[in-house]
Amino acid sequence: MSPYSNAARLNPLDPSSGDGGQGLRTIVVGAGAAGSALVRDLGRTPEFGLVPVGLLDDDPLKAGELVGGVPVLGTLTELTELAVESKAQVVVLAIPGLAHQKVRALATAAAAAGAAVRYLPSFLAALRREVVGSDLRSLDVNRLIGRHEVHVVSSDVRAVIEGKRVLVTGAGGSIGSELCRQVHAFGPSELYMLDHDESNLHRLQLEIWGEALLTDDSLVIADIRDRPRIQQIFRDLRPEVVFHAAAHKHLPLLERHPSEAVKSNVLGTDNLVEAALATGVERFVLISTDKAADPTSVLGASKRLAELIVQANARDARNLGTGVFSAVRFGNVLGSRGSLLSVLAEQLRSGGPVTITHPDVTRFFMTIEEAVGLVLEAGRMAHGGEVFVLDMGEPVRIVDLVHNFARQVQLEAEEVEIRYTGLRAGEKLNEALFSEGEERLPTAHSRIYATVADHSAGPEDLAGSLTALYAAAAGNSDAEVRRQLGAILPGYTTPEPQPVPALSTPYPDGF
């Protein structure tokens, strides 16, 4: 029986489990004019999704005072303790002129309590206008993703990371770098950041430590395709927890270069899992994609095979009583490098048309904060072999997202030209979070679900099948790679591109 079949479902109104539709419990750092105005404006604008439950101030005499009906809980030095005690999910920094080093220290203290950090920009301008809430973020993410943002990570994650040697692959990417920042806040004994791009690693170390002398072992330049190098790294560094974010992710490019998808997403994962098993890694979390559910693209197929590799080895690890191996599936991550939001902003900024593949295309969206929280919680909750998925509500129609984005940057519908390009090979009109044959299981977190391995859905001899696939990829035989993917994954085929439907009348919402 799955360990999740009888898992307790948390009360959605319990502040320790998601937002319950009521907004995220928020501590405001700074009980002065900016903090007071922020508390007032958050009360007036519930669409921001933040509910103040307390303030902190560097003046100890303010403790116990009420600011806009919200109590001052204590001082800034007590941030971690008070955030845990009040079950805060978000900490907003609202002190004008706060030194950069202090901001970094407070952000670390908030993250150590499992709370997300948000900053109040343009303090002086906001104070002069006496409107603070509208400056809290440039975009209302809730409107873009069609649901309330979910607070995922809990302070319990500390038990998995604190004092451990942690390795993050793909550390220089959007997800990998945010993972490194949050992992660092939970006090690992060592944080190893692996990437093949040395410039990104240098930038990341500078962001996290405030300096980048490049004189220690925390930065690791390596390619996950290089099996001997990966084995050497695991032998030398002996990581205890591994978060595997390195991958090729651009669907249309991988359709054109399927051998490269196999080399990075499948073989690279295989190399890491093999090294993790050989060196006794305690926890291994693979980052996958919703495109792995009943895949129709090379990207989806390669990530589904990565999931199968993790699940097959999780079974072996369980039998040996060694590590816990699991995976998480992401939807489209807003704000990540090359994501829809960054492309959309650039297209609007340049005045050119916004390109959308199809009028009816929908996708699941999540924020970077949700994505990283899901990875950390998966590392905490996993028993071995699960694929975890965040409940992302209903899929969002891309046209609606463009519409909402345009409104928030003060553009009218008639000012935004949309050009439909047609679905490209491998793209689905609508994504799914689970394959048709997968069971959706509740977990101890009310907004995270899991599915466990269905061994009838994969090849009996996975290792033997992969050998032929790797040989085809090594020979850069794209046609043979496609044939092998179809042979390994039952039902996998790549559909032909779909034409854009003829629109006899303007699209109903004006786009």
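Modeller: Helices here are DSSP runs of H or I with at least four residues, and they are numbered from the N terminus. Please keep in mind that this is a predicted model.

Biologist: Good. In which helix is the place of Lys 263?

Modeller: Lys 263 is in helix H11.

Biologist: Is Lys 263 buried or exposed?

Modeller: Lys 263 is buried, as its relative accessible area is 15%, and buried means under 20%.

Biologist: Which side chains make a polar contact with the side chain of Lys 263?

Modeller: One is the side chain of Glu 260, at 2.9 Å. The side chain of Asn 476 also makes a polar contact with that of Lys 263, at 2.7 Å.

Biologist: And what does Lys 263 touch, not counting residues up to four places away in sequence?

Modeller: Lys 263 touches Arg 225, Gly 268, Ala 473, Ala 474 and Asn 476.

Biologist: Let us turn to H9. Which of its residues are buried?

Modeller: Helix H9 covers residues 227-237, and Ile 230, Ile 233, Phe 234 and Leu 237 are buried there. Viewed down the axis of H9, these buried residues fall within an arc of 95°, so they line one face of the helix.

Biologist: What does the face turned away from the buried side carry?

Modeller: That face of H9 carries Pro 228 and Asp 236, which are exposed.

Biologist: Which residue just after H9 takes a positive phi?

Modeller: Arg 238 does, with a phi of about 50°. Most residues other than glycine have a negative phi.

Biologist: Where do Lys 87 and Asp 294 lie?

Modeller: Lys 87 lies in the loop between helix H2 (79-85) and strand E5 (90-93). Its phi is positive, about 55°, although Lys 87 is not a glycine. Lys 87 is partly exposed, with a relative accessible area of 39%. Asp 294 is in the loop between E11 and helix H12 (298-320). The phi of Asp 294 is also positive, near 45°, and Asp 294 is partly exposed at 36% relative accessible area.

Biologist: Now the rings. How many aromatic pairs are there?

Modeller: The count comes to one aromatic pair. Phe 284 and Phe 325 form it, and the pair is stacked, with 5.4 Å centre to centre and 25° between the planes. Phe 284 lies in strand E11 (residues 283-289) and Phe 325 in strand E12 (residues 324-330), so the pair ties together parts that are 41 residues apart in sequence. Both Phe 284 and Phe 325 are buried.

Biologist: Over which ring does the charged end of Arg 440 sit?

Modeller: It sits over the ring of Tyr 449, 4.0 Å from the centre of that ring.

Biologist: Finally, the whole chain. How many helices and strands does the secondary structure come to?

Modeller: It comes to 17 helices and 21 strands. Of the 511 residues in the chain, 55% are buried. Among contacts between residues at least 6 apart in sequence, 78% join residues at least 24 apart. The accessible surface of the chain comes to about 21500 Å², and 52% of that belongs to carbon and sulfur atoms.

Technical notes:
Residues numbered from 1 in each chain as written. Predicted model: local features only at pLDDT ≥ 70, side-chain atom pairs only at ≥ 80, totals over all residues. Heavy atoms only, no water. Buried < 20%, exposed > 50% of the residue type's maximum accessible area, 1.4 Å probe, protein only. Helix = DSSP H or I, 4+ residues; strand = E, 2+ residues; numbered from the N terminus. Arc of directions from axis to C-beta. Phe/Tyr/Trp six-rings, centres within 6.5 Å; stacked < 30°, edge-to-face > 60°. Lys NZ or Arg CZ within 6 Å of the ring centre and 35° of its normal. Polar contact = N/O pair within 3.5 Å; in protein donor to acceptor, adjacent residues only side chain to side chain. Contact = heavy atoms within 4.5 Å. Areas by Shrake-Rupley, 256 points an atom, 1.4 Å probe, with all protein chains shown as cover.
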